[in-house]
Amino acid sequence: MSKILMYFLVFGPCFVILSISVEGMFYVAYSMTLLCWIEVESSLRNAQPSKPENAQVYRFQADDLRIVLFFLFFVQVGFFGTGNVASISSFYLSPVYRLIPIFNPFYMSALLLFKIIAPYIILSVVFSTLTYQLHLPRFALFLNALMITDG
C-alpha cells in the first residue's frame with residue numbers, strides 16, 4: 001500500500017495543477033476506487049478454500065476473468081473519465097498556461113500527455129500489486145487481459 005500511496009502522491013499534485021475545474025476529484029475518486037478494488041479482490045480470493053497445487057503451474061480460474069474485466073473497465077474509465085479526448089483534440093491550454101506562460105507547443109502537449117498517462121500509471125501499479133497479493137505469476141492477468149481485448 002505504501003508503493004501505491006507514493007505513486008498517488010507523486011502524480012496527484014501534477015494532475016490537479018493540470019486539471020480544469022473539478023477533474024482533480026476524478027483522480028482522487030479513481031485512485032480510491034482502485035484501492036478498494038485491491039481489497040475486495042484479495043478478500044474474495046482469500047475467502048475461497050485453497051487447494052494444494054503445484055505453485056509452478058498457473059491455471060486460469062473464473063475469478064481471473066472478473067479481475068481482467070475490471071481491469072479493462074478501469075482502462076476505459078482512466079482515459080474517458082476526465083474528458084481527456086476533448087482536451088487533446090481541442091488543445092485546451094488554460095491549465096498548461098499556469099506552468100508555461102509562453103506558447104511552446106512541444107512542452108504544452110507533453111504536459112497534456114502527462115495528464116492522460118497519470119491514471120494509467122496508477123492503474124498499472126494497482127494491477128501489479130493485485131497480481132502480487134493474489135500470488136499469481138507476474139504477467140498472468142495481463143496476458144489474459146490481452147487475450148480478452150480483441151473480444
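Is Asp 64 buried or exposed? Asp 64 is buried, with a relative accessible area of 0%, where buried stands for under 20% relative accessible area, exposed for over 50%, and partly exposed for the range in between (1.4 Å probe, protein chains only).

The structure is a predicted model, in which local features need pLDDT of at least 70 and side-chain atom pairs count only at pLDDT 80 or more, while totals for chains, interfaces and linings use all residues. Residues are numbered from 1 along each chain as its sequence is written, and side-chain values use heavy atoms, with hydrogens and water left out.

## Overall architecture

The protein contains six helices and zero strands, in the order α-α-α-α-α-α from the N terminus. These elements are DSSP runs numbered from the N terminus (helices: H or I, at least four residues; strands: E, at least two). Of the 151 residues, 36% count as buried. Among contacts (heavy atoms within 4.5 Å) with a separation of 6 or more, 73% join residues 24 or more positions apart. The accessible surface amounts to about 9,300 Å², and carbon and sulfur atoms supply 70% of it; such areas come from the Shrake-Rupley method with a 1.4 Å probe, and for residues only the protein chains shown count as cover.

An unreviewed UniProt entry annotates residues 7-30, 67-94 and 106-127 as "transmembrane region". UniProt positions are given here in the numbering of the model, with shortened feature names, and such annotations may be inferred rather than shown by experiment. In the model, residues 106-127 are 100% helix and 0% strand, with end C-alpha atoms 31 Å apart. Residues 7-30 are 79% helix and 0% strand, and their end C-alpha atoms lie 13 Å apart.

## Nonpolar cores

A nonpolar core is a set of buried Ala, Val, Leu, Ile, Met, Phe, Trp, Tyr and Cys residues joined through side-chain atoms within 4.5 Å. The largest such core has 26 residues, and those with the most contacts inside it are Leu 34, Trp 37, Ile 67, Phe 71 and Leu 123. Two or more residues each are contributed by α1 (2-17), α2 (23-47), α3 (62-80), α5 (105-133) and α6. Helix α5 gives the largest share, seven residues. Apart from its neighbours within four places in sequence, Phe 71 is in contact with Trp 37, Leu 123, Phe 127 and Ala 145. A second, separate core comprises seven residues, including Leu 18, Val 96, Ile 100 and Leu 112.

## Salt bridges

The whole structure holds three salt bridges, each defined by a side-chain nitrogen of Lys or Arg within 4 Å of a carboxyl oxygen of Asp or Glu.

| Pair | Closest N to O distance |
|---|---|
| Arg 66 and Glu 41 | 2.7 Å |
| Asp 64 and Arg 45 | 2.7 Å |

Arg 66 forms a salt bridge with Glu 41, a pair that links distant parts of the chain, with Arg 66 in helix α3 and Glu 41 in helix α2, 25 residues apart. Arg 66 is partly exposed, at a relative accessible area of 27%, whereas Glu 41 is buried, at 2%.

Asp 64 forms a salt bridge with Arg 45, and this pair likewise links distant parts of the chain: Asp 64 is in helix α3 and Arg 45 in helix α2, 19 residues apart. Arg 45 is buried, with a relative accessible area of 15%.

Arg 66 and Asp 63 are separated by about one helical turn, because they are three residues apart in helix α3. Asp 63 counts as buried at 12% relative accessibility. Glu 41, Asp 63 and Arg 66 are linked in a network of salt bridges.

## Surface and loop features

On the surface, Phe 139, Phe 142, Leu 143 and Leu 146 form a nonpolar patch with about 400 Å² of accessible area together. Patches are made of residues with over 30% relative accessible area and no salt bridge; like charges are joined within 9 Å, and nonpolar side chains (Val, Leu, Ile, Met, Phe, Trp, Tyr) within 5 Å. Phe 142 lies in helix α6 (residues 140-149) and is partly exposed, with a relative accessible area of 35%.

Most residues other than glycine have a negative phi. His 135, although not a glycine, has a positive phi of about 60 degrees. His 135 is located in the loop between α5 and α6 and is exposed, with a relative accessible area of 70%.
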